Amino acid sequence: MSSQYLTLFNTLDTFLNQTQEFWRFEPFHLSYADCELTANNSLGRWLLSLSNQEICELKESPELVTQSISQYIPSLAETIVDTQVLSLNSSELELPRGVSEGVPGRKLDQIVAMGSAVLERHVGEEWLEWCSGKGFLGRILAGQSNQKVTSFEYQQALCDSGQSEANRLELPMEFVQGDAFCSDSAAVFNDKQHAVALHACGDLHVTLLQRAVAAALPAVTFSPCCYHLIKHDSYQALSLPAKGSLLRLNKTELRIPLQETVTGGERVKRHRQMEMTYRLGLDYLLRIELGKNEYVPIPSIKKSLLSDGFEAFALWAFEQKGFNYSDTFPLDKYLKLGEERFWRMERLSLIQQPFRRLIELWLALDKILYLEEHGYRASIHEFCSRSATPRNLLIHAER
Ligand SMILES: C[S@@+](CC[C@H](N)C(=O)[O-])C[C@H]1O[C@@H](n2cnc3c(N)ncnc32)[C@H](O)[C@@H]1O
């Protein structure tokens, strides 16, 4: 097999293997160790020289981070240029009245962009919408093509709601409730369908590809997400080149691409900083006051509780874990340590930032190569802006 994607995959694979020390770590946990951020090398010196304000500015500007870090990591800049994914310029869709009803704003941008891209590349006589939710994308496809859409979804309530909306709009859609991982789900595939999936998580999009290949579908188009939602402990490569790669990604590393989120407003940033600071401060408290040698995971907390302060957070966390709280804990000291660790974590995550997309592309290229191995011509593009969703890769394959 020789494709441009195989060349790209090999370039990325070699680069990611060579640079593991720069991305294979967890900034949250590493921020506790005292050995990692030293002034012994030029990258460490640069990171330590940054003020908190400069760290915030860099986080807002991925290009600037890459430019700055490229000085310290050979081939980073070239690899990013070589593996650049082009954006699609799909035509604007005119949606009939009612089709977008109930679809939240950003979701609407995503489905309209994906719908348009998929319609322009349509091959087949009907559609299969995999893990459809309420079938927002399917509604567009049914409305524009007037072809049958089978929307496959696990949650009965979403099927019911999607079906009643489709009936109201008189769209040719049929919802099928089922579990993608159950062998019965193969029965919804047939060789006339173009299968589509918007944001199908980990094993769900892998199963889609395996079933699509087995049923010889004429086309499949999907945008992957949540790479860590898999049943194995580590990523199970699909294509021969990825199976032969030395790169093994565990679930924590599969989350690295997802660290890139749409930066929310000031309030979201403030909440994140507060929550991280509290969690890191609490980690010190548990280690020093209770002698816990390992990080103790604390459940997620309602954001509104954060404004009650560090003491309330610590009390809540102790209650959750059934630990004995003492009023004599020097909370100011731990809050300060938490703040210092927060900024250490932010510094460290700057190094990982340029690798997020590269790891995501390695995962996407594995899917492309797998589809090529099974007789498909595949391609990858960005289907919408990163501000609509950072999970904006679209893989399209035709038999
Ligand atoms: C991230 S959502 C995407 C939904 C929809 N495609 C969209 O973008 O609005 C993933 C969907 O997969 C469904 N799902 C999760 N596990 C499933 C399974 N085992 N079988 C079928 N669907 C599943 C969920 O219920 C959810 O609706």
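This is a predicted model: local features need pLDDT of at least 70, side-chain atom pairs count only at pLDDT 80 or more; totals for chains, interfaces and linings use all residues.
Visitor: What about Y154 and the ligand?
Guide: Y154 also brings in its backbone: one of its N or O atoms lies 3.3 Å from a nitrogen atom of the ligand.

Visitor: Okay, and what does E153 do there?
Guide: With E153 the side chain is involved, as one of its polar atoms lies 2.6 Å from an oxygen atom of the ligand.

Visitor: Which residues around the ligand come nearest?
Guide: There are 15 residues around the ligand, and K107, E153, D179, A180 and L198 come nearest.

Visitor: How does that shell divide by residue type?
Guide: Seven residues of the shell are nonpolar, five are polar and three are charged.

Visitor: Switching topic: how much space lies in the second largest pocket?
Guide: That pocket holds about 290 Å³ of space. Its lining is made of 16 residues, and D203, V206, T207, Q210 and K231 lie nearest the centre.

Visitor: Which helix gives the most to that lining?
Guide: Helix 11, residues 202–214, gives the most, with six residues. The lining as a whole divides into seven nonpolar, six polar and three charged residues.

Visitor: Now the whole chain: how many helices and strands?
Guide: The chain has 18 helices and seven strands.

Visitor: Why call it as compact as a globular protein of that length?
Guide: Because the radius of gyration of the chain is 23 Å, close to the 21 Å that the globule rule gives for 399 residues.

Visitor: What does the C-alpha trace span?
Guide: Along its principal axes, the trace spans about 70 × 45 × 40 Å.

Technical notes:
Residues are numbered from 1 along each chain as its sequence is written. Side-chain values use heavy atoms; hydrogens and water are left out. A residue is near a molecule or strand if one of its heavy atoms lies within 4 Å of it. A polar contact is a pair of N or O atoms within 3.5 Å; within protein, one must be able to donate a hydrogen and the other to accept it, and residues adjacent in sequence count only if both atoms are side-chain atoms. Ala, Val, Leu, Ile, Met, Phe, Trp, Tyr, Cys and Pro count as nonpolar, Asp, Glu, Lys and Arg as charged, and the others, Gly among them, as polar. On a 1 Å grid over the protein atoms alone, a cavity is a set of points where a 1.4 Å probe fits but cannot get out, and a pocket is an open set with protein on both sides within 12 Å along at least five of seven lines; lining residues have an atom within 4 Å of a point. Grid points are joined across faces, edges and corners, and a volume is the space filled by probe spheres set on the points. Helices (H or I, at least four residues) and strands (E, at least two) are DSSP runs, numbered from the N terminus. The radius of gyration is taken over C-alpha atoms; the globule rule is 2.2 Å times the number of residues to the power 0.38.
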